[in-house]
Amino acid sequence: MEMQPADSLITLYLQSQGKRILFGVVLTGLLFVLLCISVTIGSAGLTPPEVALTIVNRLLGNRSDSFENAIVFGIRLHRVIFGACAGFGLAVCGAVMQGILRNPLASPFTLGISSAAAFGASIAIIFGTGIGLWTEGFIVTNAFIFTLLATFGIYLMAKRRGMTAETMVLAGILIMYLFSAMTSFLQFFASAEHNQEIVFWTFGSLTRTSWEKTEAVVAILLLTIPYLLWRSWDINALSEGDEIAKGLGVLADRTRGTCMMIVSVITAGIICFTGTIGFIGLVAPHISRMLIGADMRYLIPISGLIGAMLLTSADILSRSLIPDQIIPVGIMTAFIGIPFFGYLFMKVRREYW
Amino acid sequence: MVILSAEKVAYTYHQTPIIQDISFEVRPGEFIGLCGKNGSGKTTLLKCLGHILKPEGKVSIDGKNLNEIEARSRARIIGYVPQSIQGRISKTVFEAVLMGRKPYITWGVSSHDLQIVQEIISRFGLLPFASRDVFEISGGERQKALIARAIAQDPSILLLDEPTANLDLYHQLEVMEIISSIIREQGIAAVMAVHDLTLAMRYCSRVLIIHNHRIIGDGLPSEILTPDHIKTVYQVDAHMSTDGGIPHIVPIRASRGF
């Protein structure tokens, strides 16, 4: 055990902070590269220089109705940006939930938020066409509303029992089973066509994106993530237990309630457009924690970047694995994420949770 | 001058009274030992004093009602050290002690904060462990890190819940010496829940005994930790002796039988 001279502690701490910031910069660069690769992939047969030229032209203000323009701006670019934002947002949600609930298994998926969204979407799919509503809008709205309802349900249950991490996790799991059962119930009576649509929705996919949806998600992220970042120290304290947090001047229950609400708005805002993409919110925070530690000031943005990279890679793979076929990205995220997670899990020997 | 005063403090959990009618005052420089058997409400009282729980009655700090002090300001006055950390999320000892500066930090950490953390780590003899994970070090070192964190809050009063539980003999003495010297040097006060009556006798300047939810004894350790009181509270016959100027309490037998 080497002895460290006292004044080197501060230097060490500052160095470790510097390293984490540098790591974030590197990840941002890598994400940019991935986005560039992603936007050049597709069945239209555009070469990377053609794609680059189209984007540069548009950035210079030259609007055109060319084929390239239609493909890059009409189809690909919003999908790619949406994917990155969705990955970012879901990963941040997972990181915050794992912190405030002190549970390594917490994620939007494991706490029933996603199954509530699936139920909302299922209702819309089955009954939406019948009443002649604009089905897609109905699915999105319903998924969003049910997601918030589920969180509100968790909140109410937890409020009665005291908003401890344990009651919230338990309430979340109950909500998950409840909505899964209700979805199955609907599916049992639904037509084969509807069922297929529901199943496809639960795969999670980026095929339904548009610029408007991308703007909506970007707006949600810009409105919420700065707040979560600002509460980083509070979440750090909460992750050690309520008593410790209270002793350090954190209003534990209120902070957990607020963060939970915000996380559910982010999740709802993303998965109502994509369907359930469950895996990223669970695994991106773990990968990040193994790499840079648990300080929320760094964990929130780094998890976001890792999540964005995972979802973008999964999207690249989902569009290039089988020619002329797009596999739903929700299926691919696990294939991309698990080997990476497994590698780190075996390699990083120190306790990280 | 009074740092902390408790007036008719009571706490009831699901209709069961845990503590009742607790009144006392704490002055700077005092090191108060809180004795009583398991489940007597020592921890509950500490939590009420630290506003972790909200009791009936009134707790004041520097003459101001604790309910009216904002959470962040409260954390700059009261340093609460629980028995253990609940979560399992890892961090280095340095980061753990730095957390004590939370009541002063909004987002960025100032060099003043880092300086304080460094001095405290050095004082607690935690330098060799500073970069290690809090869950990789021994229970004794972790306990010291928790106390170091509370000191980093720069409080006027420390609330300690069994700081020497699970510690070996060396660490028990070390932790008690550090706490005593900080109380002396910085003129702060401490209230400590404690089971080890010999340690209380040796280090505390005053002892409170809680029995049947109430304080039944309050005074100098030598006046309060008497065989009579020990028999009433713990149902144990005890013998007091002094070896080389160090008082100690030897339990002889359980007077109630097992």
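This is a predicted model: local features need pLDDT of at least 70, side-chain atom pairs count only at pLDDT 80 or more; totals for chains, interfaces and linings use all residues.
Helix H12 of chain A, residues 279-292, is mostly covered, with 12 of its 14 residues buried. The buried set consists of Phe279(A), Ile280(A), Gly281(A), Leu282(A), Val283(A), Ala284(A), Pro285(A), His286(A), Ile287(A), Ser288(A), Arg289(A) and Ile292(A). These residues pack against four helices of chain A, namely H1 (8-40), H3, H13 (296-320) and H14 (329-347). Just after H12(A), Gly293(A) adopts a positive phi of about 90 degrees.

The packing of H12(A) against H3(A), residues 67-100, can be described in detail. The two axes come within 7 Å and cross at roughly 70 degrees. Angles of 65 to 115 degrees count as roughly perpendicular, and H3(A) and H12(A) are therefore roughly perpendicular to each other. On the side of H3(A), the contact involves Gly87(A), Leu90(A), Ala91(A), Cys93(A), Gly94(A), Ala95(A) and Gln98(A). These residues meet Ile280(A), Gly281(A), Leu282(A), Ala284(A), Pro285(A) and Ser288(A) of H12(A). By class, this contact contains eight nonpolar, five polar and no charged residues.

Helix H5 of chain A, residues 135-161, has 27 residues and reaches 39 Å from its first C-alpha to its last, close to the 39 Å expected at 1.5 Å a residue. Among its buried residues are Ile139(A), Val140(A), Phe144(A), Phe146(A) and Ile154(A), together with the polar residues Asn142(A), Thr147(A) and Thr151(A). The buried residues of H5(A) pack against H4 (113-128), H6 (165-189) and H11 (252-274) of chain A.

The largest nonpolar core holds 188 residues, of which Val97(B), Ile157(B) and Ala190(B) touch the most other members. The largest share of this core, 18 residues, comes from H3(A). Leaving aside residues up to four places away in sequence, Val97(B) touches Val117(B), Ile120(B), Ile121(B), Ala145(B), Ala148(B), Arg149(B) and Ala152(B).

Between the chains, 33 residues of chain B are in contact with 31 residues of chain A. On the side of chain B that touches chain A, the elements giving two or more residues are the chain B helices H2 (71-77), H3 (93-98) and H4 (111-123). By class, this side of chain B has 18 nonpolar, seven polar and eight charged residues.

Terms used. Residues are numbered from 1 along each chain as its sequence is written. Chains are lettered from A and ligands numbered from 1 in the order in which they are written. Axes are lines fitted to C-alpha atoms, for helices over the stretch in contact, and angles run from 0 to 180 degrees between N-to-C directions. Angles under 35 degrees count as roughly parallel, over 145 as roughly antiparallel, 65 to 115 as roughly perpendicular and the rest as oblique. Two residues are in contact if their C-beta atoms, placed from the backbone, lie within 7 Å. A nonpolar core is a set of buried Ala, Val, Leu, Ile, Met, Phe, Trp, Tyr and Cys residues joined through C-beta atoms within 7 Å. A residue is buried if 20 or more other C-beta atoms lie within 10 Å of its own, exposed if 12 or fewer, and partly exposed in between; C-beta atoms are placed from the backbone. The expected span of a helix is 1.5 Å times one less than its number of residues.
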